[in-house]
Amino acid sequence: MGTRRIRKVAVIGSGVMGSQIACHFANIGVEALLLDIVPRELSEKEKASGLGLDNKSVRNRIVNDALNAAIKMKPAPLYSKNFAKRITTGNIDDDLHLVADADWIIEVVIERLDIKQQVFANIEKHRKPGTIISSNTSGIPIHKMIDGRSEDFQRHFLGTHFFNPPRYLELLEIIPTPKTDSSLIEFLMDYGRKYLGKKTVLCKDTPAFIANRIGVFSIMSLFHAVKEMGLTVEEVDKLTGPVLGRPKSATFRTCDVVGLDTLVHVANGVRENCPKDEERSKFEIPSYINKMVEENWLGSKTGQGFYKKVKGKDGKSEILSLDLNTLEYTSQDQVRFSSIGKGREIEDLKERTKILINFQDKGGEFYRKTFYALFNYISNRIPEIAEELYKIDDGMKAGFGWQLAPFETWDAVGVKETFEAMKKAGHSPAPWVEEMLNNGINSFYQIKGGVKQFYDIASKGYKTIPGTEDLVVLENLREKNTVWKNKAATIVDLGDGIINLEFHSKMNTIGGDTIVAINKAIDLAEESYKGLVIYNNGQNFSAGANVGMIFMMAVEQEYDELYFAIQQFQKTMMRIRYSAIPVVVATHQMALGGGCEMSMHSDKVIAHAETYMGLVEFGVGVIPGGGGSKEFALRLSDSLRDGDIRTNAFRESFLTIGQAKVATSAFEAFELGYLREGIDEVVISRELQLTRAKAAAIALADKGYTQPIERKDIKVLGKEALGLVYVGANSMQSGNYISEHDQLISEKLGYVLAGGDLSEITEVSESYLLELERKAFVELCATRKTLERLQSMVTKGKILRN
């Protein structure tokens with residue numbers, strides 16, 4: 001068989017998952033066919049329009065309504081609404097023959113084996129030989145679905161379990177049957193990672209597969225522990241959220257989002273289908289959960305679950321929490337645990353987790369009770385659900401958003417001492433753990449030569465995690481390859497002549513220490529290396545400049561110092577562009593304000609698809625002051641062609657900054673002008689991003705990188721554009737659409753973008769524009785309204801201080 005390509009997919013079933021899976025394939029440029037059943041009766045609207053059941057719009061109503069609802073979802077399933085054009089809809093009765101053109105057919109219909117088997121029988125009538133066919137089931141045994149199917153169908157069939165929402169959750173479980181072609185398994189493991197941006201985990205065909213088996217056990221174990229320990233809903237969510245490196249939704253809020261009925265369904269499935277599971281009793285549904293299901297308190301979908309949003313007599317909203325004893329909703333209590341207080345003092349997640357589990361308070365007791373149970377459970381699931389322990393960790397990190405996975409957590413708190421404590425607490429870890437410890441091996445993972453290795457139970461030694469041999473992973477290099485560091489950033493040698501600068505300030509905000517680090521990294525690269533990458537593993541690339549520091553200067557009226565600080569920031573951004581070595585910036589999640597400006601001045605951006613980029617300074621009462629305003633003027637100049645309506649293009653640039661537009665994906669960042677077509681790139685896989693960024697830096701250096709020359713040919717429109725800004729801002733203020741202060745900010749921004757009040761189109765330099773930008777920024781910081789906005793944000797904790 002030749003090289004397999006995925007050009008078109010067919011998704012059968014357009015429910016919440018089906019429509020979103022089709023959207024994610026559209027995200028990566030694959031044509032998607034989305035099919036669903038034909039309605040059995042007309043809607044009231046169709047009756048009023050005189051339509052019949054044979055009308056095409058009626059026959060496609062279910063699929064079209066489902067897709068339209070998905071596209072309107074927040075967070076959005078599409079990187080750009082324009083990508084919806086890549087999806088074609090139809091119905092199973094009229095259009096199933098179209099699957100003959102598909103390279104991959106994905107079944108996402110109701111979770112009933114008989115219905116799935118019927119769908120597969122019909123698909124086989126049209127499917128061409130060799131086409132991949134898979135089911136997105138979350139619980140039905142995969143091998144039971146292929147009864148009666150042809151040999152070719154069986155060889156190309158397997159389970160592909162996407163997690164909801166498919167765009168945002170990284171996990172894709174691959175579940176083959178004994179008859180699945182091994183080359184197909186290998187193909188999808190690679191395709192899922194490289195093209196769909198997933199952490200692909202190869203699973204055995206066991207109930208709930210890997211992530212849900214462990215994740216739901218963790219939740220069910222906690223449900224029982226909560227009652228035993230007398231903890232409240234809000235206490236548990238405080239204990240199991242960000243302090244453990246887990247999502248803010250923690251436990252009970254996550255249950256509300258997912259739906260309690262879904263959780264109960266999975267738990268019942270495990271209890272019924274795993275009679276030999278030593279912790280089977282933990283999957284028994286507690287009485288208070290049963291009561292919630294009976295009352296239809298399922299979470300967000302029914303308006304109440306463990307939390308309920310209500311409006312008081314004063315009209316203000318309040319989120320109540322459920323008292324698990326009385327099953328009544330009450331105001332949330334302030335949660336305080338000494339263990340959490342101590343944990344927050346420690347930045348390193350592994351060190352923090354060790355402190356939390358060993359702390360002597362009720363929080364520490366909770367952690368020991370739940371983690372010991374979890375460690376015991378995962379040890380006994382090998383080899384039942386996976387032969388290798390890293391697969392369990394991969395599943396929990398990618399499927400449940402745990403920054404520190406179960407075996408990694410056990411490593412962090414000490415395998416040997418925790419093993420002994422677990423036995424004293426009455427647990428029975430799997431024999432292989434004791435054997436490992438008796439052989440002098442005291443951790444499940446090790447780093448060797450910059451590569452992460454796991455303890456392989458079968459060979460009783462360490463092995464490299466498959467597929468990671470050639471990856472550049474910062475965590476694996478940091479300990480031995482750190483070249484320089486300060487409290488805001490670290491420079492790590494990636495090898496092959498490339499160094500990496502990573503930020504580690506709070507939310508990776510850019511302050512004085514960060515500016516020092518950027519300049520130091522460029523100094524080092526120019527002296528001894530080929531190129532520089534700016535990348536980090538924080539939750540966000542950068543939330544922008546440390547505006548709290550700017551606020552303090554402004555409130556003290558230290559305008560000369562403020563002017564100098566902004567000038568230093570601008571010079572540093574310009575140095576990113578005008579250095580002797582290529583600088584590649586690799587963004588992810590938030591890249592706002594200064595983080596966006598840094599990207600805009602790089603030689604190349606390797607943006608993860610989930611990059612939320614924007615110049616948001618307008619909302620704070622200022623304009624972009626780190627070269628962002630200048631850069632928009634430069635890019636506007638480069639984009640204009642003879643015959644273009646110049647003021648229209650100017651207006652678009654002005655509104656992008658003036659409305660503080662933030663791209664909801666890297667693809668939208670191109671549409672807004674933050675990223676450059678033909679220069680910057682998007683990678684779907686976060687795991688592969690640093691490897692790609694390093695390769696890009698090497699490629700730029702190897703083709704003969706020459707330090708660029710500062711631009712002096714930027715065409716600005718002067719009064720032609722300035723008049724447009726002044727008239728528009730005045731009109732908006734007169735109509736009470738914006739405040740007087742917003743009018744002032746608009747005029748200052750327009751002045752910079754227009755290049756001042758020049759009488760005609762003029763070529764100016766970057767330095768000229770930067771001076772205008774700097775002056776406008778400082779003048780705005782001196783206004784009372786800007787200070788009030790900054791102070792308000794500081795008070796609300798939205799701005800970070802050093």
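In helix H1, the residues Met17, Gly18, Ser19, Gln20, Ile21, Ala22, Cys23, His24, Phe25, Ala26 and Asn27 are buried. The model in which this is seen is a predicted one. Because 11 of the 12 residues of H1 are buried, the helix is largely enclosed by the rest of the structure. H1 covers residues 16-27 and reaches 17 Å from its first C-alpha to its last, which is close to the 16 Å expected at 1.5 Å a residue. Just after H1, the backbone at Gly29 takes a positive phi of about 90 degrees.

Strand S17, residues 498-503, is likewise mostly covered, with 6 of its 6 residues buried. In a regular strand the side chains alternate between the two faces of the sheet. In S17, Ile498, Asn500 and Glu502 point one way while Ile499, Leu501 and Phe503 point the other way, and all of these residues are buried.

The neighbours of S17 can be taken in turn. With strand S18, residues 531-534, S17 pairs instead in the parallel sense, over 4 bridges, and here Ile498 has Gly531 of S18 as its bridge partner.

Some backbone details lie in loops elsewhere in the chain. The peptide bond from Lys74 to Pro75 is cis, with omega near 0 degrees, and Pro75 belongs to the loop between helix H4 (61-71) and strand S3 (87-91). A cis peptide bond also leads from Asn164 to Pro165, again with omega near 0 degrees, and Pro165 lies in the loop between strand S6 (157-162) and strand S7 (171-176).

Positive phi values are also found at residues other than glycine. Asn296, in the loop between helix H13 (287-294) and strand S9 (307-311), has a positive phi of about 65 degrees, and its relative accessibility of 41% means that Asn296 counts as partly exposed. Leu327, in the loop between strand S10 (317-322) and strand S11 (329-330), has a positive phi of about 55 degrees. Because buried means under 20% relative accessible area, Leu327 counts as buried at 19% relative accessibility.

Methods: Residues are numbered from 1 along each chain as its sequence is written. This is a predicted model: local features need pLDDT of at least 70, side-chain atom pairs count only at pLDDT 80 or more; totals for chains, interfaces and linings use all residues. Side-chain values use heavy atoms; hydrogens and water are left out. Helices (H or I, at least four residues) and strands (E, at least two) are DSSP runs, numbered from the N terminus. Buried means under 20% relative accessible area, exposed over 50%, partly exposed in between (1.4 Å probe, protein chains only). The expected span of a helix is 1.5 Å times one less than its number of residues. Two strands pair if DSSP finds at least two bridges between them.
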